[in-house]
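Colleague: I am new to this structure and would like to learn how to read it. Could we go through it together?

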Amino acid sequence: MSTPSPSSAADARRYYITTPIYYVNDRPHVGHAYSTVAVDVMHRFQELKGARVHFLTGTDEHGQKIERRAQEEGIDGQAFTDRMAPPFRQLFDTMNCGYDDFIRTTEPRHKRQVQALWKRLEESGDIYLGEYEGWYSVSSETFFTEKELLEGNLDPITRKPVERVREKSYFFKLSKYGPKLLEWFESHPDFVQPSTRFNEVKRFVEGGLHDLSISRTSFRWGIGVPNDPQHVVYVWLDALTNYLSALGLLETGPAGAPSGQTDLAHFWPTKGTLSTTRAVHVVGKDILRFHAVYWPAFLMAAGLQPPHQIWAHGWLTADGVKMSKSLKNFVSPLPLVDALGTDPLRYYLMRDVAFGQDGDFSHANLVARYTGDLGNGLGNLLNRVVQSILPKATEGRIPTPGPSTSLEDSLVTLAQRVSQDTATHYHAFAPHRALESIWELVSAANKYVDQTEPWALLKSDPNHRLPTVLYTVLESLRWLSVLLSPVLPSKCQDLRKQLGLPPLAVRQGLDLWPQAWGALIPGTMTQPGTPLFPRLPEAVQDQLLGAPIAAQAPPPPDNHTKKPQTHNSNGKPMIEFDDFTKVDLRLGKVLQAEAVPKSTKLLKLQVDIGEPQPRQILAGIRTTYAPEDLIGKKLVVVANLKPRKLMGLESQGMVLAASDDDGLSALFVDKDITPGVSVG
Ligand code: MSP
């Protein structure tokens with residue numbers, strides 16, 4: 001039997017892991033959940049291995065983008081950000097992300113640190129006053145050179161227009177740090193992951209660095225530059241400092257000496273603690289340059305150690321384009337959590353997208369992963385044994401295993417390999433690989449149940465072979481409850497409870513990773529509960545499968561090169577007139593309307609579009625219109641859309657409606673025009 005072993009010295013280290021801090025100009029979406037869940041998975045893995053972990057996330061609340069949004073709302077920046085920040089925190093709570101600290105850049109603790117860092121940069125002689133003239137993108141709060149822009153002076157990432165700026169500005173002597181950065185890259189070959197991204201960073205620095213404008217005078221919503229209140233600190237210098245502020249690193253003491261400060265300050269590496277302290281920033285690939293070039297240069301100038309690693313993950317995309325607040329092509333995570341639960345969404349995000357690469361969000365894959373991997377794979381394995389057989393075989397107690405056969409031996413060997421592979425993959429920030437590997441064990445254990453047929457053994461050999469078979473499956477499930485816990489934390493606690501095991505209790509210096517077979521104690525009472533992943537009701541499936549991504553968006557930019565304009569300002573592809581005439585838009589008159597049972601959104605309409613029989617059309621407008629409001633109304637119908645089924649009912653067309661965050665309005669026609677005439 002195995003007992004948890006004390007972890008190696010390397011694992012007993014401090015581990016500081018951070019997400020980017022998120023702009024609060026809009027509500028959070030599934031892309032934000034993605035970054036924070038990924039960091040949560042790594043944090044939980046490190047804790048299982050016995051590390052002392054500090055996990056930081058938060059919100060980025062200054063800058064021109066936020067100031068403009070606040071002005072649009074007619075409130076000041078503080079009131080605006082106070083309203084916009086909590087949904088991010090709530091989302092991360094809903095996603096069960098166990099962060100240790102949530103920092104807001106409007107907090108006094110952060111402001112003090114930004115000003116302290118500024119003073120250090122000034123003391124090192126790396127700041128001078130000048131004038132900036134060039135392009136600025138408010139949507140990504142970034143200065144761009146002319147050649148980086150897309151056709152029409154658009155930001156290469158957000159595709160929003162950039163602005164010409166000319167103003168007094170303090171500059172940071174970034175150009176001076178080019179050689180030092182290259183030296184750092186050379187001596188820290190894992191500084192940026194994945195390595196292909198590291199190559200891009202190196203090429204960028206090798207191309208020569210310009211000094212960086214680090215203050216703005218044309219707006220006010222930011223942290224004042226010490227001793228020059230006309231200027232506010234550039235929002236990226238402000239934002240990056242959050243990684244130090246949360247540790248209180250610059251609170252006191254001379255440059256480069258975090259000692260004498262809070263215990264948290266020890267989470268930042270110094271030359272003396274390199275082997276026991278790791279600091280990793282996980283970021284989206286869009287903000288790698290800020291983290292891998294500007295940030296280490298600021299830190300070097302301030303006499304501080306750069307972090308160990310910057311891990312740049314890819315984007316969740318919709319039709320190949322980054323989901324973003326500015327393009328409004330994002331999926332909201334909360335309805336997905338309502339439909340499936342938190343852990344299945346975490347699983348989908350970590351499994352379906354190779355970490356480091358882009359991946360298209362797909363409702364169909366989400367449902368397939370839920371039903372297949374989770375329900376039929378893991379859930380079924382537990383169900384087959386704990387629910388179905390154990391109560392009959394042992395009155396629910398863990399049996400004492402007898403001698404093993406080659407079938408058990410090979411399952412144990414496989415479990416041991418899977419455990420090692422999984423740890424390697426988590427370590428390497430490859431949660432998708434870790435899960436792939438874990439599912440080798442899920443499948444092998446299910447296959448073992450098929451081969452050994454415990455339901456037959458219940459009759460033929462209940463006292464000899466059956467206990468061994470049941471114990472083998474239960475012990476596999478115990479291993480799975482640890483291996484999977486970084487991704488499925490609450491389902492794994494449930495799984496453990498059903499196995500009669502206590503929750504996993506992490507402790508610094510204690511390695512809980514499964515190593516030796518046989519820790520389940522015979523005689524322990526199991527507690528069969530509800531299925532881990534119950535079958536999805538058909539209505540929920542239909543709703544998920546019919547869910548649109550909020551808007552169509554343009555194709556990905558082609559490495560920042562200029563291209564002829566192929567999309568309009570709404571991100572829609574430009575089409576030929578012939579393409580437009582293919583759509584048969586017709587005037588329809590609503591003859592009957594009724595609610596679709598079990599659907600909160602759908603109405604079933606019978607619509608006269610000038611054909612012998614009315615068309616049955618399902619329209620997702622129930623939240624705004626009662627059926628009786630619609631009878632006799634004339635609206636615009638797409639009459640040549642292929643029929644499709646929603647909630648088991650055929651929809652033979654589509655009703656046009658406009659919607660925004662606050663509601664929806666169908667496109668009614670206000671004159672008495674004959675049903676069936678073409679609209680165009
Ligand atoms: N505030 C800056 C970051 C400052 S860090 C010192 C910022 N904020 S952001 O809200 O625009 O985006 C932050 C991060 O959200 C991205 O780097 C990425 O980690 C995550 N994502 C936003 N959209 C995403 C996708 N569509 N897909 C994956 N991650 C996404 O940049």
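Colleague: Which side chain has an N or O atom 2.5 Å from an oxygen atom of the ligand?

Modeller: That is Ser35. Keep in mind that this is a predicted model.

Colleague: How much of the ligand's accessible area does the protein cover?

Modeller: On its own the ligand has 660 Å² of accessible area, and the protein covers 96% of that.

Colleague: Which elements give two or more residues to the shell around the ligand?

Modeller: They are strand 2 (14-23), helix 1 (30-48), helix 8 (235-240), helix 9 (242-245) and strand 13 (277-284). In total, 27 residues surround the ligand, with Ile21, Ser35, Asp60, Leu316 and Met323 the closest. Sorted by class, the shell has 14 nonpolar, 9 polar and 4 charged residues.

Colleague: Now a helix, please. What span should helix 10 have?

Modeller: Helix 10 covers residues 288-301, and at 1.5 Å a residue its 14 residues should span 20 Å. Its end C-alpha atoms are 19 Å apart, so the two values agree.

Colleague: Where in helix 10 does the kink lie?

Modeller: Look at Tyr294, shortly before the proline Pro296: the kink there is about 30°.

Colleague: Is helix 10 mostly covered or uncovered?

Modeller: Mostly covered, as 13 of its 14 residues are buried. Just after helix 10, Gly303 takes a positive phi of about 75°.

Key
Residues are numbered from 1 along each chain as its sequence is written. This is a predicted model: local features need pLDDT of at least 70, side-chain atom pairs count only at pLDDT 80 or more; totals for chains, interfaces and linings use all residues. Side-chain values use heavy atoms; hydrogens and water are left out. A residue is near a molecule or strand if one of its heavy atoms lies within 4 Å of it. A polar contact is a pair of N or O atoms within 3.5 Å; within protein, one must be able to donate a hydrogen and the other to accept it, and residues adjacent in sequence count only if both atoms are side-chain atoms. Accessible areas come from the Shrake-Rupley method with a 1.4 Å probe; for residues, only the protein chains shown count as cover. Helices (H or I, at least four residues) and strands (E, at least two) are DSSP runs, numbered from the N terminus. Ala, Val, Leu, Ile, Met, Phe, Trp, Tyr, Cys and Pro count as nonpolar, Asp, Glu, Lys and Arg as charged, and the others, Gly among them, as polar. The expected span of a helix is 1.5 Å times one less than its number of residues. The bend at a residue is the angle between axes fitted to the seven residues ending there and the seven starting there. Buried means under 20% relative accessible area, exposed over 50%, partly exposed in between (1.4 Å probe, protein chains only).
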